[in-house]
Amino acid sequence: MRVRTLAPLTLTAALALTGCGITEPAETITVYAADGLSDVDGGGWLDQLFEEFEEETGVMVQYVEGGSGEMVQRAERESSNPQADVLLTLPPFIQQADNAGLLQQYEPEGAEQVATRDPDGAWTTVVDNYFAFVHNSEELDEPPETWEDLLDPEYEGRLQYSTPGVAGDGTAVLIQAMEQFGGLEPAMDYLGELQANNVGPSSSTGALGPKVDKGELLVANGDVQMNYDQSRTMPNLELWFPAREGGEPTTFALPYTAGLLEGAPDSGNGQALIDFLLSEEAQSRVPSEAGGFPARDDVEATGEDAEALEEIMDGVEVFEPDWDEVEEELPGYLDAWREATDS
């Protein structure tokens with residue numbers, strides 16, 4: 001987990017002396033977020049928008065980052081005394097948060113232009129995204145074409161996927177496997193076999209990309225937005241979508257969604273921040289700064305990054321999970337996965 005205050009107060013701002021004494025520090029709101037939309041060097045989409053938000057409003061953003069499920073679990077533990085204002089996570093964890101009563105209804109400005117959002121206004125997509133895999137392009141000229149290829153002993157100790165139930169992309173591995181293999185039981189049979197090659201648990205999918213780039217791993221799970229963004233500074237990181245033997249590559253949408261937490265210490269500024277992330281200006285910068293797809297249908301993705309992302313998705317069939325069913329059945333899926341993989 002990473003805790004970082006973006007756009008921190010300077011000493012001058014915090015201790016501005018006047019004739020009457022010391023001024024009050026600026027307001028602060030807290031965001032609990034799944035990793036992927038910020039960079040450690042501060043150049044990510046969220047990093048830049050948070051700084052601009054502070055410049056416009058005087059409100060600082062304290063940013064707490066971790067696995068998708070991890071952030072929901074933290075918000076749930078704090079529900080009797082909420083510490084955060086905004087939750088930014090992937091499905092099915094945003095549905096989990098909603099069903100646990102952690103979200104309050106708020107329809108942000110521009111939400112009518114977003115196709116994927118809660119009909120009751122509990123959450124709204126802010127960046128569109130898709131499940132994917134990555135491979136090391138230096139050691140593997142071509143990625144393994146099929147899921148069955150990943151069972152080859154050459155991947156023993158060189159393959160890893162993030163932990164289902166903790167990481168959103170790790171949970172996506174279960175969903176994708178069930179779609180590809182035709183149900184829970186055959187998917188668990190496959191993942192049980194794959195465990196012979198799997199390095200082991202990882203709470204963060206974002207940590208796997210650098211390992212693949214360095215050659216510590218040959219393949220790992222991920223998502224288009226995060227891994228495309230990483231690939232701009234990791235020359236050996238390449239995305240791909242495996243297929244079943246005799247089939248075509250498939251994926252599904254795995255969007256970043258934002259919701260206002262129930263009992264948020266500062267609901268007003270939390271609403272303003274979600275509005276800011278969904279503004280036309282912010283959305284137009286998603287391909288170039290986040291490596292993802294705008295959530296708003298009225299914002300056209302343009303530029304080299306948008307073209308590169310379109311090329312990555314070319315020829316890949318996209319299916320749509322029933323997220324309400326996934327959220328309801330997730331505990332059973334996770335139990336089956338633990339039993340199949342002895343995790």
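**Exercise 1. Overall build**

What radius of gyration would a compact globule with 343 residues have, and what does the chain have?

*Solution.* Before we start: this is a predicted model, where local features need pLDDT of at least 70, side-chain atom pairs count only at pLDDT 80 or more, and totals for chains, interfaces and linings use all residues. Residues are numbered from 1 along each chain as its sequence is written, and side-chain values use heavy atoms, with hydrogens and water left out.

Step 1. The radius of gyration is taken over C-alpha atoms, and the globule rule is 2.2 Å times the number of residues to the power 0.38. For 343 residues the rule gives a value near 20 Å; the chain has 20 Å, which agrees.

Step 2. Look at the C-alpha trace: along its principal axes, the trace spans about 75 × 40 × 35 Å.

Step 3. Now the elements. The chain has 13 helices and 16 strands; these are DSSP runs numbered from the N terminus, helices being H or I with at least four residues and strands E with at least two.

**Exercise 2. The nonpolar cores**

Find the residues with the most contacts inside the largest nonpolar core.

*Solution.* Step 1. Buried means under 20% relative accessible area, exposed over 50%, and partly exposed in between (1.4 Å probe, protein chains only). A nonpolar core is a set of buried Ala, Val, Leu, Ile, Met, Phe, Trp, Tyr and Cys residues joined through side-chain atoms within 4.5 Å.

Step 1. The largest such core has 80 residues, and W45, L87 and L191 have the most contacts inside it.

Step 2. Pick L191. Leaving aside neighbours within four places in sequence, L191 is in contact (heavy atoms within 4.5 Å) with residues including Y161, V173 and W337. Apart from this core lies another, of 17 residues, with L208 and F293 among them.

**Exercise 3. Along helix α13**

Is W323 buried or exposed?

*Solution.* Step 1. Locate W323 in helix α13, residues 323–341.

Step 1. W323 counts as buried because its relative accessibility is 14%.

Step 2. Check the surroundings: beyond four places in sequence, the contacts of W323 include P91, P92 and F252.

Step 3. Compare R338, also placed in helix α13. R338 is partly exposed because its relative accessible area is 36%. G192 is 146 residues away from R338 along the chain, yet their C-alpha atoms are separated by 9.3 Å.

**Exercise 4. Enclosed space**

*Solution.* Step 1. On a 1 Å grid over the protein atoms alone, a cavity is a set of points where a 1.4 Å probe fits but cannot get out; lining residues have an atom within 4 Å of a point.

Step 1. Among the residues lining the largest cavity are D35, D169, D223 and Y256.

Note on methods: On a 1 Å grid over the protein atoms alone, a cavity is a set of points where a 1.4 Å probe fits but cannot get out, and a pocket is an open set with protein on both sides within 12 Å along at least five of seven lines; lining residues have an atom within 4 Å of a point.
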